[in-house]
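Please read them with the structure open.

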Amino acid sequence: MPSTWTAIVKRGANQYVALCPEVDVASVGDTREEAERNLQDAIDTLVAHLREAGREADLEQRQVSLQALHEFLLDEEELDCPHRSSTADPSALPLGVVAIA
């Protein structure tokens, strides 16, 4: 089990949304930092639950699908930016990727 996780954070219309693709867990927050903290809390809760149940191996099978990741990254309704096409510049996305411990 990793000691750090990936957090993909994007700005939605009203809140920030954070996703951990390794375990398919998401959270929200009014700020980027709050979304990251909430994501860490959600991951910690999931890991603790699976450990208590003796199901740590289930973490390896919870990865987010590529289709779900694609939808998360390019959901135009949640993105607070002008209409985008599939050929839009990815650097224009209001998101970031960080490691959380």
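1. Terms and basis. Buried means under 20% relative accessible area, exposed means over 50%, and partly exposed lies in between (1.4 Å probe, protein chains only). This is a predicted model, in which local features need pLDDT of at least 70, side-chain atom pairs count only at pLDDT 80 or more, and totals for chains, interfaces and linings use all residues. Residues are numbered from 1 along each chain as its sequence is written, and side-chain values use heavy atoms, with hydrogens and water left out.

2. Confidence. pLDDT is the predictor's confidence in each residue, from 0 to 100. The protein chain averages 79, and 72% of the residues score at least 70. Over residues 78-93 the pLDDT is below 50. In the model, that stretch still has 21 contacts beyond near neighbours in sequence. A contact means heavy atoms within 4.5 Å.

3. Overall layout. The protein chain has two helices and four strands. Along the sequence they follow the pattern β-β-β-α-α-β. Helices (H or I, at least four residues) and strands (E, at least two) are DSSP runs, numbered from the N terminus. Of the 101 residues in the protein chain, 33% are buried. Among contacts with a separation of 6 or more, 48% come from residues 24 or more positions apart.

4. Strands β1 and β2. Two strands pair if DSSP finds at least two bridges between them. Strand β1 (residues 5-11) pairs with β2 in the antiparallel sense, over four bridges. A hairpin joins the two through four residues. Lys10 stands opposite Val17 in β2.

5. Strands β2 and β3. Strand β2 (residues 16-20) also pairs with β3 in the antiparallel sense, here over five bridges. Tyr16 has Gly29 in β3 as its bridge partner. Val17 stands opposite Val28 in β3. Four of the five residues of β2 are buried, so β2 is largely enclosed by the rest of the structure.

6. The turn at Asp24. Which residue in the turn between β2 and β3 has a positive phi? That residue is Asp24, in a hairpin with four residues between the strands. Its phi is near 55°, a positive value in a residue other than glycine. Most residues other than glycine have a negative phi. Asp24 counts as partly exposed, because its relative accessibility is 40%.

7. Strand β3 and Ser27. The covered face of β3 carries Val25, Ser27 and Gly29, while Ala26 and Val28 are on the uncovered one. Ser27 is found in β3 (residues 25-29). Is Ser27 buried or exposed? Ser27 is buried, because its relative accessible area is 10%. Leaving out residues up to four places away in sequence, Ser27 touches Tyr16, Val17, Ala18, Ala35, Asn38 and Leu39. A polar atom of the Ser27 side chain lies 3.0 Å from the backbone nitrogen of Leu39. A polar contact is a pair of N or O atoms within 3.5 Å; within protein, one must be able to donate a hydrogen and the other to accept it, and residues adjacent in sequence count only if both atoms are side-chain atoms.

8. Helix α1. Helix α1 (residues 32-52) has 21 residues. From first C-alpha to last, α1 reaches 30 Å, close to the 30 Å expected at 1.5 Å a residue. The expected span is 1.5 Å times one less than the number of residues. Buried in α1 are Ala35, Glu36, Leu39, Gln40, Ile43, Leu46, Val47 and Leu50. They cover an arc of only 135° around the axis, which puts them on the same side of α1. The arc is that of the directions from the helix axis to the C-beta atoms. On the other side of α1, Arg37, Thr45 and Glu52 are exposed. Gly54 follows α1, and its phi is positive, near 70°.

9. Leu59. Where is Leu59 found? Leu59 is in the loop between α1 and α2 (66-74). Leu59 counts as buried, because its relative accessibility is 7%. The C-alpha atoms of Leu59 and Val23 are separated by 6.1 Å, although the two residues are 36 residues apart along the chain.
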